[in-house]
Structures are given as C-alpha cells and as structure tokens.
Amino acid sequence: MTSFRSAHLKAYSYYGTGGVCGELYRPTSMDELVDAVKTSHRLGQPLIALGGGTNSLVLDEPFAGAFVVFHGLDQIVVTGERLRVGAGVDNTRLAEVALQHGLDGVAWMNRLPGQIGGTVRMNARCYGGEISQVVAEVTAVSRSGEVRTYRERSMFRGYKDTVFMTSGDLIASVELQLVAGDKAGVARKMQACADDRIAKGQFDYPSCGCVFKNDYGIGLPSGLLLEQAGAKALKHGGAEVSPLHANFVYNKGASSRAILELTLMMRDLVYREFGVWMAYEMEILGSLPPDLAERVAEVKEQRPDQVKIEALKQKTSRFNG
Ligand SMILES: Cc1cc2nc3c(=O)[nH]c(=O)nc-3n(C[C@H](O)[C@H](O)[C@H](O)COP(=O)(O)OP(=O)(O)OC[C@H]3O[C@@H](n4cnc5c(N)ncnc54)[C@H](O)[C@@H]3O)c2cc1C
C-alpha cells in the first residue's frame, strides 16, 4: 500500500482546501485497508476517512493523525442485477456501468459528486432516489480492524443518518441490487439529472453541496430560508453563497476557515430571521481551532417564527402554482 508522511490534503478535497496530515493511507485492497486501520489503531493515531470530499470541509490546520482515501478501491463486479462496488468508485462511473448493463436504480446518481463509500455513509439522496433503496450489503472495517458485513435495512436510520456515523466503521465495498431497465429510459433519466445540476450552477465552482440539512419539520428547505433571509448577498474571504442556490457555498479562492466562517454567518442569519437553528450536513474533517470549535458546536433552541414561515409558504406556493 502507498502511504505518505506529511501529505497535503488539498489535492484530495473537492473544495481544494485543507492542510497537511501526519500520514495518508491509500489502500488498494481490503487487506491493505485492514492493515492501515490496525496500524493507526496500534499507534493510537486518529484516523479520518475521506471519499471524494464532496460533502466535507477539510480544515487548514495541520492534523497530527492520519487520513485514509479510497480511490484505490475502485473495482466494479457485475453479476446479473447485482453490483459489487469498491468504496472508492465514483458515483457517475457507477451510474454509467449500470447503464451499460441495462440496469436501472442508480440513474439518479449520475453527476452526483462523490464516491459510493461516502454516499452510503451519508445516505445521499436526490431526484427521487436514495442510496438506502438499492443497497443490499455493506462490507466495512471497524476501528480496531475487524471486518463486518451489514445486511439489515436498519443500517440506514433515516434522512442523512446511518449507523456508520456512530460506529465510525470504514466502508470497504457495497453490494447493490438493481433491476433490469430500458436502456434509453435510463439514459434519459441520467441526462435529466446532469442537465438540472448544470443549469443550477452546481459545477461552476467547488462546493460541498448543501451546507445545512433540510429537515426541521417546517415544510421548507434550508435553501429557501437562506435565500429569504438574504444569504445570497453574503461573501467572505473568497467564499461566496451561490447566486443560484443559497444553501451552496462556492470556493472562489478561500481557505477552509473562511468557508466555515461564512457558513456560521448563514446559520445566524436564518436564526435571526426565522428562529430556525440549522444543522450542518457538511462534514468538518480535522482538528478545529478552539475559537471555531466553540461556534460550530453552539446549539440554539428552535423558535420557529410561524407567521414568517407561513407567509413564505404562501409566497412559494403562489409562485409554484
Ligand atoms: C455540486 C454538489 C452537489 C451535491 N448534491 C447532492 C445531492 O443532491 N444529494 C446529496 O445527498 N448530496 C449531494 N452532495 C453531497 C455529496 O455529493 C454526497 O453526500 C456524496 O455522497 C458524498 O460522497 P463523498 O465520497 O464525496 O463523501 P466525503 O465528503 O468524502 O465524506 C463524507 C463523510 O463520509 C465519510 N466517509 C467517506 N468515505 C467513507 C468510507 N469509505 N467509509 C466510511 N466513511 C466514509 C467522511 O469521513 C465524511 O464524514 C453534493 C455535493 C456537491 C459538491
């Protein structure tokens, strides 16, 4: 296995930001992944998983522990309607391979940035699909190096929530159950997803997708709350809120600190305007400096302003209807 000392993480983060880590593991097989986990466990070295980095912010500060990246686990084996996929396989490649085999079930993953390992951990969803719908089995490595197989549906706990978030297990491979489909129809769905993302400016600058989760029981997405609160005007140190989607933060030459500070301003803005305290969907990887750690960890009581929320609902239903 290749492993590097003092590796620069910028090259592996989708935002293109981040500092150095003490050790970087790049396993190319299950055995190498187990080795990396056991080594870091024996050394008492904190170990952080990084997939495509497309839902993450890798911090600027040097990280004394290790990172593990999964690009080397890139195999796809197709057996009938089942696909066994290495954790490092890119989502778009997965959708393309399924199409080649006339299989339906992952067309929605076309141009969804990231790798299947990170996608399973985050229970990613879009365009009516959610990864939990097609996963039959996950093979993972525990933090002490034990190989575990997950088959129960309960590995997915709901919206953006999985058991891997609490166990910390590293996903090595995923088995997907797809269905035979009509190739032309699957190709059309894939194209529609790609076109929509392009039209929404999602690839204009690096981002991490939605910074904040959407589920606050108020029937409005965070992007709309942010937009209504005026977040689209916010910029800070080379980080900017997307003019097309107020829950996306573009990197136009920022550090991770500047990106994070901008997201803190966004969270405060929505709280002031609507009394909704948004939770981060973006994963913050590395060691937070104390001043930022305190602000990120802050939790305020939910005090939704029903009058403003109802007014916004009315406004959007008039607009959509
Ligand atoms: C332009 C854009 C659009 C997006 N649109 C959507 C969308 O529509 N819907 C949606 O749900 N998401 C969206 N995202 C977010 C992101 O694409 C998905 O969450 C994606 O599935 C993350 O995969 P990743 O490999 O990049 O994860 P990373 O960002 O690398 O990691 C995410 C988390 O998983 C952990 N992790 C990574 N790999 C592993 C592994 N093998 N085993 C265990 N843990 C691991 C990391 O430590 C981190 O905590 C978007 C992102 C961008 C940039």
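Domain bounds here come from an automatic or database domain assignment. On that basis, the protein chain is divided into domain 1 (2-69), domain 2 (76-199) and domain 3 (222-320). The ligand shell takes residues from both domain 1 (2-69) and domain 2 (76-199), so it lies between them. Please keep in mind that this is a predicted model: local features need pLDDT of at least 70, side-chain atom pairs count only at pLDDT 80 or more, and totals for chains, interfaces and linings use all residues. Numbering starts from 1 along each chain, as its sequence is written.

**Around the ligand**

- Which residues come nearest to the ligand? Gly 51, Gly 114, Gly 117, Gly 118 and Gly 209 do, out of the 33 residues around it; a residue is near a molecule or strand if its C-beta atom, placed from the backbone, lies within 6 Å of it.
- At least two shell residues each are supplied by strand 3 (47-50), helix 3 (116-122), strand 9 (125-126), strand 15 (170-177) and strand 20 (283-285). Helices (H or I, at least four residues) and strands (E, at least two) are DSSP runs, numbered from the N terminus.
- Helix 3 gives the largest share of this shell, five residues.
- By residue type, the shell divides into 16 nonpolar, 14 polar and three charged residues. Ala, Val, Leu, Ile, Met, Phe, Trp, Tyr, Cys and Pro count as nonpolar, Asp, Glu, Lys and Arg as charged, and the others, Gly among them, as polar.

- Five strands make an open sheet in the order 6-7-15-11-12, and their pairing is antiparallel; two strands pair if DSSP finds at least two bridges between them.
- Strand 6 (76-79) and strand 12 (147-150) stand at the edges, each with a single partner strand, so one side of each has no neighbour in the sheet.
- On average, neighbouring strands of this sheet are turned by 15 degrees against each other, direction ignored. Axes are lines fitted to C-alpha atoms, for helices over the stretch in contact, and angles run from 0 to 180 degrees between N-to-C directions.
- Strand 6 is joined to strand 7 (residues 82-86) by four bridges, and the two run antiparallel. Thr 79 stands opposite Arg 82 in strand 7.
- These two strands form a hairpin with two residues between them, where Gly 80 in the turn has a positive phi of about 60 degrees.
- Strand 11 (residues 135-141) runs antiparallel to strand 15, with six bridges joining them. Thr 139 faces Ser 173 in strand 15 as its opposite residue, and Val 141 has Leu 170 of strand 15 as its bridge partner.
- On its pairing with strand 12, strand 11 has four bridges in the antiparallel sense, and here Val 141 stands opposite Val 147.
- The hairpin of strand 11 and strand 12 has five residues between the strands, and Gly 145 takes a positive phi near 100 degrees there.
- Helix 1 (residues 30-43) lies across strand 11, strand 12 and strand 15, running at about 145 degrees to strand 15.

**Domain 3 and its elements**

- The C-alpha centres of domain 2 and domain 3 are 28 Å apart.
- How do the axes of helix 6 (residues 222-229) and helix 7 (residues 256-274) meet, and at what angle do they cross? They come within 9 Å and cross at roughly 80 degrees.
- Helix 6 and helix 7 are therefore roughly perpendicular to each other; angles under 35 degrees count as roughly parallel, over 145 as roughly antiparallel, 65 to 115 as roughly perpendicular and the rest as oblique.
- Their contact involves Leu 225, Leu 226 and Ala 229 of helix 6, together with Met 266, Leu 269, Val 270, Glu 273 and Phe 274 of helix 7; two residues are in contact if their C-beta atoms, placed from the backbone, lie within 7 Å.
- The residues of this contact divide into seven nonpolar, no polar and one charged.
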